[in-house]
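Please open the model in your viewer and keep the selection panel at hand.

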Amino acid sequence: MNNMDYLKELNPQQKKAVEHTEGPLLILAGAGSGKTKVLTCRIAFLIDEIGVPPWQILAITFTNKAAGEMRERVDRAVGPRAGQVWVATFHATCCRILRQHIDRLGYDRSFTIYDTDDSRQVIKEIIRQLGLDPKVYKERGILARISSAKNHMTDPEQMEKEAFRWEEKKTAEVYALYQKKLKQNNALDFDDLLLKTVELFRQDAEVLSSYQERFRYIMIDEYQDTNSVQFAFVQLLASRYRNLCVVGDDDQSIYKFRGANIENILSFEKEYPGCAVIRLEQNYRSSKKILQAANEVIAHNTGRKSKTLWTENEEGVPVRFRQFATGADEAEFVIGEIGELSRTQGKSFRDFAVLYRTNAQSRLFEEKCVSADIPYQIVGGVNFYSRKEIKDMLAYLKTIDNGADDLAVTRILNVPKRGIGQTTVTRIVQYAAENGIGVYDALQKAGEIPGLGRSLSKIQGFTNLISRLRAAAQEYLGVQQLLEMVLKDTGYQDELEAEDTEESRARLENIGELISKASAYEDTAEEASLSDFLQQVSLVADIDSVEENAERVLLMTLHAAKGLEFDTVYMTGMEENTFPGYMSLGTGSEEEIEEERRLCYVGMTRAKKCLTLTAAQMRMVRGETRFFNASRFVSEVPRNMLDSGRDTTDTRRFLAGGREEWNSRAAGHEPGRIGGRGTAASQTLKKKNPLFAMREFTVSKADHLEYGVGDRVRHVKFGSGVVTEIKNGTRDYEVTVAFDKAGVKRMFASFAKLKKE
DNA sequence: TATATAGTGTTTTTT
DNA sequence: ACACTATATA
C-alpha cells in the first residue's frame with residue numbers, strides 16, 4: 001500500500017504515535033483508546049514509509065489471540081510481507097529463541113515445557129525425598145515462592161543466603177533440587193522460558209548481538225503487566241538501537257500476583273531519559289455514562305499517571321446496580337435478562353459477557369444457561385490441556401519425543417492399566433535415582449533391577465511399545481497419525497470404550513479434538529515437528545481459543561476479559577470479600593485493594609453500551625452459606641450516576657416491603673426462615689418483580705436466638721435434642737445440638753429451622 | 001495390586 | 001462442594 005489511508009483515520013495523538021518511529025516511546029493508552037490500531041498502523045508505517053524490512057520488527061503481545069489479531073490486521077495493511085514480522089507473546093518468543101540456542105546453557109534443544117501442574121508434581125516428589133512435612137511445606141506455596149524468586153531473578157544460592165528463617169532455607173533447598181530435576185528432565189517451566197533467555201543473552205554476547213541486530217524495532221503491548229525478567233529481556237534486546245515502543249495503561253495493571261511490576265511503566269521515563277510520551281485519552285468504546293462511572297472508581301487509586309479518559313460517544317443509559325438475595329437469584333436475573341433481550345430486542349448472544357472474580361463463580365451461570373437454553377462458552381476454569389486424558393496423550397508424545405522427561409514417563413507407565421503397580425514404580429524410580437539415570441533408562445535396564453519379579457515382562461512390554469511408537473514417529477508418521485497410533489496401540493481407546501460411561505465418552509471426544517488440533521497444526525505450521533507441536537500446545541491460553549464471532553454468551557473471569565469489549569457487560573459478585581476478594585482484604589494492604597480496583601476498572605471499561613453490576617447477599621462458598629455486603633466499588637460510583645433500581649415509587653414500595661419482612665426475620669421472630677426459600681407468596685412476588693429480591697447493603701444476621709445452650713430444641717429432620725454450644729460467628733450463629741436419635745450436629749441457625757420446645 | 005471409602009483440606013487472578 | 005489422600009478390603 002503506497003498511500004497512507006490508514007493514517008487518515010487516526011486522531012492527532014494516535015498519528016503522532018505512529019509516526020514517531022525512532023528512539024524510545026511510551027504510549028499511555030487508556031482503555032478503548034485504539035491502541036491495537038495504533039500498533040498495527042505503526043508496523044505498517046515502519047514497513048511502508050520508513051522502508052524497514054518486516055523481519056526487523058518484533059511485536060510482543062499478551063496473548064496468542066492478540067498476536068494473531070495483530071498479524072491479521074498488519075497483513076490487511078501491508079500484504080503477505082506481514083508474515084515476516086515477528087509477533088508473539090513473551091513466552092512464545094523466548095521459546096523460539098531457546099529452541100535455537102539453549103544448548104549453550106547445557107540443555108538439549110528438544111526441551112519440554114512444564115505447566116503448573118507438572119511443576120507441582122516435581123515439588124511434591126522433592127518434598128517427599130527431603131522428608132519434609134507436607135503439612136508445613138505445601139507444593140502450592142513453595143511453587144509460588146520459587147516462581148516469585150525467578151521473577152526477581154534470584155537463584156537458589158541467593159535465596160539460601162537471604163533466608164533467615166528455617167523454612168526459607170528449606171525452600172531454597174527445594175528450589176535448588178527443583179532446578180536440578182528440571183534440567184535432568186530436560187524441561188523448563190514457564191518462568192524458565194523467560195529467565196533462561198535472559199541468562200543466555202547475558203552470558204553469550206554473540207547470540208545477544210545477533211538478536212539486537214535483527215530486531216531493530218521493538219514494540220511491547222500491555223507493558224504495565226511485564227515483570228522484572230521481561231523487563232530485563234526487553235532492555236537487553238533494545239539497548240543497541242533503542243527503538244523501543246511500549247504501550248500500556250497503569251490503571252489496567254492486574255497481574256501483580258505473577259510478578260508484574262507496575263514500576264516498569266511508571267519509571268519508563270527514568271530508564272529512558274528523553275523518551276517521547278504520548279497519551280491516548282480519547283475512548284472510542286464506551287458510552288459517556290459508563291466511562292464516567294469507571295473514571296470515578298479508578299480515581300480512588302493513588303500513584304497513577306495523570307490521565308482522564310473522555311469520549312465523544314453518546315450519553316447512553318446509566319450503569320445499573322442490582323442486589324439479590326442469593327447467588328442463584330443473581331444468575332437467574334442475569335441470564336434471564338440476556339434471554340429476554342435477545343428475544344425482544346434482537347440482540348445477538350455474542351454481544352453479552354458475564355464477568356466474575358473467580359472461576360468458581362461460573363457454575364451458577366452455566367446452570368442457568370443450560371436450563372434457559374442459552375448458548376454459552378466458559379473461558380478458563382479447567383484448561384483443555386490440563387484434562388487427564390489430554391495430559392496422558394501428551395505424556396506419550398513427550399516420552400516418544402524426549403525420553404528424559406521422567407514426569408511424562410511415570411505418568412503413563414501404568415496408563416492404561418498394564419499391571420505395573422505402585423511398588424514396582426517406586427522401585428524403578430529409586431533405582432534410577434541411585435544410578436543417576438532417567439526413569440526411562442532404568443526401564444530399559446529393568447533386567448538389572450532386583451526384585452521386580454513378574455512385573456519385568458510388563459515393563460518390557462511398555463518399553464517395546466514406546467520403541468515401536470518412536471520408530472514410527474521418526475520414520476514416517478506426522479503428529480496426527482502418531483496420536484491415532486498411540487490411542488490404539490496403547491489400549492487407551494479400548495479402555496475408555498469398555499468403560500462406556502458419559503465421562504469416558506467425553507474423554508474420547510476430547511482426545512478426538514486433540515487429534516483435530518494436531519491435524520490443523522500440521523496444515524498451518526511452517527515446519528511441523530513433534531517438539532514444536534508440544535511447545536505450541538503448552539503455551540496456549542484459555543482466551544486464545546475464543547472465537548470472535550460465535551453466537552454465544554461468554555462467561556469468564558475479569559482477568560480473562562482484558563483486551564476484549566462487549567455491547568453489554570454484567571459484572572457479577574460485586575460483594576466485599578468476593579470482589580475485592582478476601583485474599584486482598586485479609587492483609588489490609590491498600591496496594592492489594594488498588595489492584596482489585598484496577599481489575600474493576602478493567603471490567604467496567606469492557607462495556608460499550610450497557611453495564612450492570614450485580615451482587616448477592618448470600619452465597620455458598622466452599623460448602624457453607626455466607627453473607628455479603630455490596631462491594632465498596634459499587635459505592636465508589638456516585639449515587640447519581642448509578643441506577644440502583646430505587647428511584648421509582650414502585651421500587652420503593654417493593655423495597656420497603658422487602659426490608660420490613662427481612663428485618664422482622666433478622667430480629668429473630670422467625671429465625672428458621674432466614675435464608676430459606678421464603679413463602680410461596682414471596683416467591684411469586686420474586687418472579688413478578690426481581691427487584692423484590694433486592695435489599696439495602698445491610699448485614700443480615702440474627703440479633704439473638706430464641707434458644708440458648710441447654711435448651712431443648714426440635715429439628716424438622718433430626719427430631720429433638722439439647723443445644724450444647726452456640727458460636728457467634730461474624731456471619732451467622734453456629735449452633736451445635738446433641739440430638740436424641742441423630743447424634744451431634746453442627747448447623748447454622750438461619751438454616752437449621754430449630755424450634756424451642 | 002486395584003479399588004472403595006472415609007477423611008482431609010482447599011481456591012484469586014494466569015503464561 | 002469438591003478434589004485429593006490415606007486407609008481398609010477384596
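Begin by selecting Arg140, where an N or O atom of the side chain is 3.2 Å from a phosphate oxygen of DNA strand B, a polar contact in the sense of a pair of N or O atoms within 3.5 Å. This is a predicted model, in which local features need pLDDT of at least 70 and side-chain atom pairs count only at pLDDT 80 or more, while totals for chains, interfaces and linings use all residues. Residues are numbered from 1 along each chain as its sequence is written, chains are lettered from A in the order in which they are written, and side-chain values use heavy atoms, without hydrogens and water.

Now widen the selection to the 25 residues around DNA strand B, of which Lys138, Arg357, Thr423, Ala541 and Met583 come nearest; a residue is near a strand if one of its heavy atoms lies within 4 Å of it. Of the atoms of DNA strand B that come within 4 Å of the protein, 61% belong to sugar and phosphate.

Finally, turn to the largest cavity, which holds about 60 Å³ of space; a cavity is a set of points on a 1 Å grid over the protein atoms alone where a 1.4 Å probe fits but cannot get out, and lining residues have an atom within 4 Å of a point. Among the residues that line the largest cavity are Arg99, Phe111, Lys398 and Ser538.

Technical notes:
Polar contact = N/O pair within 3.5 Å; in protein donor to acceptor, adjacent residues only side chain to side chain. 1 Å grid on protein atoms, 1.4 Å probe; cavity = no way out; pocket = protein on both sides within 12 Å on 5 of 7 lines; lining within 4 Å. Points joined across faces, edges and corners; volume = space filled by probe spheres on them.
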